[in-house]
Amino acid sequence: MKATGIVRRIDELGRVVIPKEIRRTLRIREGDPLEIFTDRDELMLKKYSPIATLERFSEGSAKSLNDLSGYLAVICDTDEVLYASGEGRKEINRKPLSAAIEKILKDRRSYLANASEGGDVVPLTSGEDVPLTAQVIVPIVSGGDCLGAVALLSSEEGAKIESGAVKLCQLTANILANQFD
């Protein structure tokens with residue numbers, strides 16, 4: 001754990017203000033859920049990710065999706081890539097999502113783009129070095145809330161993600177969303 005040197009007092013209602021600089025750095029916004037941990041005399045706050053609670057299931061889903069589709073398969077929450085399976089996974093695993101992907105998730109609509117057909121392929125992560133040529137992104141929506149997304153990505157020249165792969169991605173997103181109903 002890294003000390004910040006910032007000290008805050010608890011108010012009469014038991015509240016503590018998290019400084020703006022820390023909220024910005026950790027990408028914590030108003031209304032974001034935080035998970036509380038204690039250990040002896042320590043109190044830790046962690047941004048809560050429902051998808052991350054399904055760790056083994058999500059990781060297995062990404063692997064299966066990669067095996068069935070042949071594309072780089074990704075499962076992310078609304079902030080970062082949680083699990084990636086396939087060629088190129090090391091370059092994006094645990095990286096923060098790009099602003100373009102955050103907008104797609106906010107709109108709660110699936111996104112399909114094939115560069116070979118003139119589609120606008122957007123970067124998945126901030127500062128992404130992987131040149132993508134095709135992608136499908138399907139938000140994971142449960143109870144009206146967007147919890148993350150399932151994505152299939154390709155960096156092969158002339159790649160085109162077909163409807164069968166899109167349906168696999170949609171199925172995976174639906175299965176993950178149903179874990180929260």
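Reader: Is Cys-76 buried or exposed?

Author: This is a predicted model. A residue counts as buried when its relative accessible area is under 20%. Cys-76 has a relative accessible area of 2%, so Cys-76 is buried.

Reader: What is the relative accessible area of Cys-146?

Author: The value for Cys-146 is 15%, and therefore Cys-146 is buried.

Reader: How many disulfides does a search of the whole structure find?

Author: A disulfide is a pair of cysteine sulfur atoms within 2.5 Å. Searching the whole structure for such pairs gives zero disulfides.

Reader: Now to pockets. What is the volume of the second largest pocket?

Author: Rolling a probe the size of a water molecule over the atoms shows where empty space is left. In this model, the second largest pocket has a volume of about 220 Å³. It is lined by 13 residues, and the closest to its centre are Glu-87, Leu-153, Ser-154, Ser-155 and Glu-156.

Reader: How do the residues of that lining divide?

Author: Six are nonpolar, four polar and three charged.

Reader: Which residues does UniProt list for "domain: SpoVT-AbrB"?

Author: The unreviewed UniProt entry gives residues 5-50 for this domain. In the model, that stretch of chain is 26% strand and 13% helix. Its end C-alpha atoms are 30 Å apart.

Definitions and conventions
Residues numbered from 1 in each chain as written. Predicted model: local features only at pLDDT ≥ 70, side-chain atom pairs only at ≥ 80, totals over all residues. Heavy atoms only, no water. Buried < 20%, exposed > 50% of the residue type's maximum accessible area, 1.4 Å probe, protein only. 1 Å grid on protein atoms, 1.4 Å probe; cavity = no way out; pocket = protein on both sides within 12 Å on 5 of 7 lines; lining within 4 Å. Points joined across faces, edges and corners; volume = space filled by probe spheres on them. Nonpolar A, V, L, I, M, F, W, Y, C, P; charged D, E, K, R; others polar. UniProt positions renumbered as here; feature names shortened; annotations may be inferred. Helix = DSSP H or I, 4+ residues; strand = E, 2+ residues; numbered from the N terminus.
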